Amino acid sequence: MYGTRLRLLSIATPVALIGAFLLAAFYAPMAANEGISQKIIYVHVPLAIVTLCGFVFGAIMAIKHLRTRDPRYDLKSYVAIHMSLIFGTAALITGMIWAKAAWGVWWEWREATLVSFLIVFLLFCTYQPMRFSIEDPDRQARYASVFAITAGAFVPVNFLAVRLADAYIHPRVLTTSGSGLTPEMNVAFLAGIIAVALLFTLLWQFELTNKNTRFKLRALRRKLGDDEVAYGRSAAPRHFDAPEAAT
Amino acid sequence: MPTEAPPAVVLEKLVRRFGERVVLDEVTLSVPSGQTLVVFGPNGAGKSTLLRVLATLLRPHRGVVKLLGEALPDRAWAVRSRVGLLTHESLLYRDLSARENLRFHARLHGATDERVEELLDAVKLRVRAGDPVHTYSRGMVQRAAVCRAVLHDPEILLLDEPLSNLDPAATELVEPLIGRASGRTRIVTSHDPAGGLADGDLALGLRAGRQVLLRAAADVTVADIGELYR
Amino acid sequence: MSATQEPRTTTTRAAIGALLRKELLLERKVPQVIPAMGLFSITTFVIFHFGLDQRTVEGPLAAGVLSVTLLFAAMLGANRLFVSDKEEGGFDALLLAPVDRTSLFVAKVLSFLAFLVVLEIVMLPAFTVLLLGPGPSVGQFAQVVGMLALADLGIAIIGTLVGALSIQTRARDLILPLIALPLLVPVIICLSQGIAPLLAQEGASTLAGRWPAVLGLYDLIFGLLAFAVFDFLLDD
């Protein structure tokens, strides 16, 4: 994505972020027994949701990559998962801050959502080291796609299993908020999700554009006779020739 | 009027990459059925990669590859049973005996146990066929590998320096299986200019993935081959 | 040879049979996987005894110790699963043959399953003797075995898939547990929650239906998924 569409996205994103912040700070009601620090939930939940969607999106791009063997899908998958890891780290940190504010502990095993999120996060943390340890770039892309698909399918299965374990032993003592969600809270949540999703998309597009431009530049240099080939090992996809149809 | 048999191997501008590096750069050739193509070139020129593409182990990234009229990679599954590969790796499990290894390959290819015994006899490995492969000398391993390569009676043979590790007696033993006397279409890589040219009908010279030489072997001199390595 | 002859391919069943026979023959001739897993599991029980400072374990603790030991022993086994293929050209041997590549997946899962069953024949008596407090009835024991069978299938599927993936990387031994263990968390949840009541001291009860159900579902989903993507690990 270049030019006007990227510019539109670049403007829309900060607007949405500021709007969501204002809504969360002033429009959503204060939770009765938890105080203002509870409001970090309006950052934590959107981050977590967007992270999980990012992982699943990465898995979908990986499926497309395996079906078409087009390296551009591998790049999209890689960037999506990479971004999701960063957003996921933020989600975990804000989640722990919220846990401290709401229940007085930094971590709570009985909170099934947080726990299953941690497991998924730990799994995807192995994505980049695994990519890095495969030297053949084509094989690296293919194996990364197999990983992304398996891990993407794992997200719902894991959530179900952890939920079951939790419900069986301990009834759900702790809910997301004391008394259920009011309409104002819903609005604030929705605004937060939209804003964070826009931020994710924006950063994703920036990264893709950056990498694509670099590849094209290297390909042009090669055409002009410069024998420029990327050396060394890398976890990120580096080459770009779209496959030609079999004649 | 007899129709001419289609060429056994056809390559048109075959390209194979490793990341951004081009390993085979638009290789184009055609090998008539029953003839031998000898491939020369320094290490890293792409000889082994070429063999692996023809063995259907690697996909062509661009260009046309046709084996016995079938186009790769789509028809690779159809042609696998008609191609035999012999490389530096024996593809034999060192802890199993030659007989056990060959029976395993035979079952994968649909060949019979009798065929296994027949080949073990032909390379004079019958006596030691029950011992684990890690007890074999290199020459014996190579002979067992030759059996593996021709177990399923392939029409095309892809041979990567097949006579390395073989003494003259062993070379004689394998000649009817993988040599000119076998009558099959062969693609052989070689580091021996004189021997290779004598063995081949067609000669291909590769350097850094590019084909720099493609002529009838009779028209190529040893000096020409020496040029490749300079 | 006429140009219209039917391409000769070997049936999948024959291929799986040949591959499975080769796997079991190799393990019988040079036992590597099973002795390592067996010894490891017994040593782990000893370590658990000291680590937990318990003479006997029962209930959830017993279920946990058994499940975790099985899982870690399986990681050891999974690391060895594809080593001989990678080092001795086993992949090429399969790729050159006119067979469906997925037969390798099925053969490896079946052989890993066989190894895990043999492991449990050693591990369960050792566990009962060394650490287990209560003695479960025959019916309860049968249920434990049933749950273990379901868990073994899940471990075999994930172990084979991740094993094939990690054997092609440089850090193969390290990366396999890092990827496989999170993927196997649902297995551990279902297995240990499931058999905990069967190993309880007083009032040992029966297995709740949800645990084998979820475990079975897990096996089905990942079995199908691994079956579908395995081909791409072998295709170059």
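Predicted model: local features only at pLDDT ≥ 70, side-chain atom pairs only at ≥ 80, totals over all residues.
The largest nonpolar core holds 216 residues, and among its members B:Val146 and B:Leu158 touch the most others. Leaving aside residues up to four places away in sequence, B:Val146 touches B:Leu86, B:Val123, B:Val174, B:Leu177 and B:Ile178.

The predictor's own scores come next. The complex receives an ipTM of 0.91 and a pTM of 0.91. For chain C, the average pLDDT is 91. In that chain, 97% of the residues score at least 70.

Chain C meets chain A. Here 25 residues of chain A are in contact with 24 residues of chain C. On the chain A side, helix 4 (112–125), helix 5 (127–132) and helix 6 (137–169) each supply at least two residues. Helix 6 of chain A gives the most, with 16 residues. By class, the side of chain A that touches chain C has 19 nonpolar residues, 4 polar residues and 2 charged residues.

Chain C also meets chain B. In this case 26 residues of chain B are in contact with 25 residues of chain C. Two elements of chain B give two or more residues to the side that touches chain C: helix 2 (76–79) and helix 3 (98–109). Helix 3 of chain B gives the most, with 6 residues. The side of chain B that touches chain C divides into 12 nonpolar, 6 polar and 8 charged residues.

Helix 3 of chain B was then examined on its own. Helix 3 of chain B has 12 residues, so at 1.5 Å a residue it should span 16 Å. The C-alpha atoms at its ends are 16 Å apart, which agrees.

Helix 3 of chain B is mostly covered, with 11 of its 12 residues buried. The buried set includes the nonpolar residues B:Ala98, B:Leu102, B:Phe104, B:Ala106 and B:Leu108. Charged residues are buried too, namely B:Glu100, B:Arg103 and B:Arg107. B:Asn101, B:His105 and B:His109 are also buried.

Within chain B, the partners are helix 4 (113–122) and helix 5 (138–150). From chain C, the partners are helix 1 (12–29) and helix 5 (90–96). After helix 3 of chain B comes B:Gly110. The phi of B:Gly110 is positive, near 80°.

Definitions and conventions
Residues numbered from 1 in each chain as written. Chains lettered and ligands numbered in written order. pLDDT = per-residue confidence, 0-100. Core = buried A, V, L, I, M, F, W, Y, C linked by C-beta atoms within 7 Å. Buried ≥ 20, exposed ≤ 12 C-beta atoms within 10 Å, placed from the backbone. Contact = placed C-beta atoms within 7 Å. Helix = DSSP H or I, 4+ residues; strand = E, 2+ residues; numbered from the N terminus. Expected span 1.5 Å × (residues − 1).
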